[in-house]
Amino acid sequence: MTRPDRTLTLTNATVLTPGSTKPKAGWVRIAGDRIVAVGGARKPRARGGQGRSTQSGRSGQLDTIYDCGGRTLAPGYIDMHVHGGGGGSFTSGDPDDARAVARLHRRHGTTSIVGSLVTAPIPELTKAIAELAGLVESGELAGLHLEGPYLSRARCGAHNPTYLRRPDVNEVKGLLEAGRGTIKMITLAPELPGAIELIEHCVAAGLVVAVGHTDATYSETRLALAAGATVATHLYNGMRGQHHREPGPPTALLAAANVVVELINDGVHLHDAVVGVTFDAIGADRVALITDAIAAAGVGDGLYPLGPMTIRVTDGVARVLGPDGAIAGSTLTLEQAVARAVEVAGVKIGDAVTAASHTPARVLGLADRVGSIAQGKQADLLLLDEKMAVCKVMVRGRWQSASG
Ligand SMILES: [Zn+2]
Ligand SMILES: [Zn+2]
């Protein structure tokens, strides 16, 4: 981090500012952990009359220049649904494991990460929540997400059906208490008995409610939306499909203007055409690119635990162990998700980046601090090459080392 009385100016960049679909020539100035100015094609005026000199000495007038070499500056990515990576997983509740996950994804551009917990026995879940809450309080995680245990047996994917439960407001009160205000989102199946009451309770408690792992019909999904649900957990995956006479959750969720839909854009979970057409239909302000990654992300093929389940990863595709194993999360990073959106699904650069930064920031209630390059925002920045590969990562005004 630069000292608050000194600045770091990133020049000769193309900058993705909010609302632009293409990066434009510009510069960004940082003091401490904040962005203090953003400019266009005209060169920044040097502070204290020191020209382009770097490390120029006189106190109070030091402005370090970093030449971006024409590369693109994007806001740091925000992953609102991720279980693991780098060999670690949030499910264990172990802080060192959680830090390993955050480190792996940070190297690939994720500067704010939510810890997603899969369905597990309530005592285990409570313990993991209480442990991870500390990492949210210390600013290492952006929040926690409960995926389950109130999910559909018919659409449970990699969630262990043994531990699925009926919605229970009192039980959730206990989980929220363990989280000390750090649980930001819960995914549930709205067709389960008691689900609507639970949605209302969670919304009143300040949580984002996501519809997912659900066998709900179109009408049942509409009831969930009326009760306050505003997110689709990995739209299309783990839910009843879109039939022209029973349009199911996807149609209800896409049609609701206040709903943000998560997409797992790894080329396995969704056809590229579906990714492209979803962006075209509802716009990047309503799409959140997520990884839903498990421990195998950034590691390789093999066997990995996902909560109480065992997952086999072959050629980067994760499936529940067994003959007809369901797809079980991904080995994706947001770096790949954004690059694929642009290169393969034909999404505009600005839109792909918005879906990995500003949109999830807004869903999580963090948009006043992170998710865009603008004056006053936290200096979480990425330097991207022309293929959208992440060359350098800055967190709170500090460049991260390649290893960490
Ligand atoms: Zn899921
Ligand atoms: Zn998940």
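The model is predicted, and local features need pLDDT of at least 70, side-chain atom pairs count only at pLDDT 80 or more, and totals for chains, interfaces and linings use all residues. Residues are numbered from 1 along each chain as its sequence is written, chains are lettered from A and ligands numbered from 1 in the order in which they are written, and side-chain values use heavy atoms, with hydrogens and water left out.

The zinc sites come first. Donors are N, O and S atoms within 2.8 Å of the metal (3.2 Å for Na, K and Ca); water is not among the atoms, so sites may look incomplete. The zinc ion (ligand 1) is coordinated at 2.1 Å by E147 through OE, and by H213 and H234 through NE2. Along the sequence, these donor residues follow the spacing E-x65-H-x20-H. H213 and H234 are 21 residues apart and link distant parts of the chain. H213 sits in the loop between β12 (208-211) and α5 (218-227). H234 sits in the loop between β13 (231-232) and α6 (248-255). Helices (H or I, at least four residues) and strands (E, at least two) are DSSP runs, numbered from the N terminus. Both H213 and H234 are buried. Buried means under 20% relative accessible area, exposed over 50%, and partly exposed in between (1.4 Å probe, protein chains only).

H81 is buried, with a relative accessible area of 0%. H83 is buried too, at 2%. E147 bridges the two zinc ions, which lie 3.4 Å apart.

Helix α6 is mostly covered, with 6 of its 8 residues buried. These are G248, P249, P250, A252, L253 and L254. The buried residues of α6 pack against β12, α5, β13, β14 (260-264) and α7 (272-282). Contact here means heavy atoms within 4.5 Å.

An open sheet of 8 strands runs in the order β6-β9-β10-β11-β12-β13-β14-β15, with parallel pairing. Two strands pair if DSSP finds at least two bridges between them. The edges are β6 (77-79) and β15 (287-290), each with a single partner strand, so one side of each has no neighbour in the sheet. β14 and β15 pair in the parallel sense over 4 bridges. E262 stands opposite A288 in β15. Helix α7 packs on this sheet and touches β14 and β15. The direction of α7 makes about 165° with that of β14. Axes are lines fitted to C-alpha atoms, for helices over the stretch in contact, and angles run from 0 to 180 degrees between N-to-C directions.

A further open sheet has 3 strands in the order β16-β17-β18, with antiparallel pairing. β16 (302-306) and β18 (317-320) stand at its edges. The twist averages 35° from one strand to the next. β16 pairs with β17 (residues 309-314) over 5 bridges. Y304 stands opposite I311 in β17.
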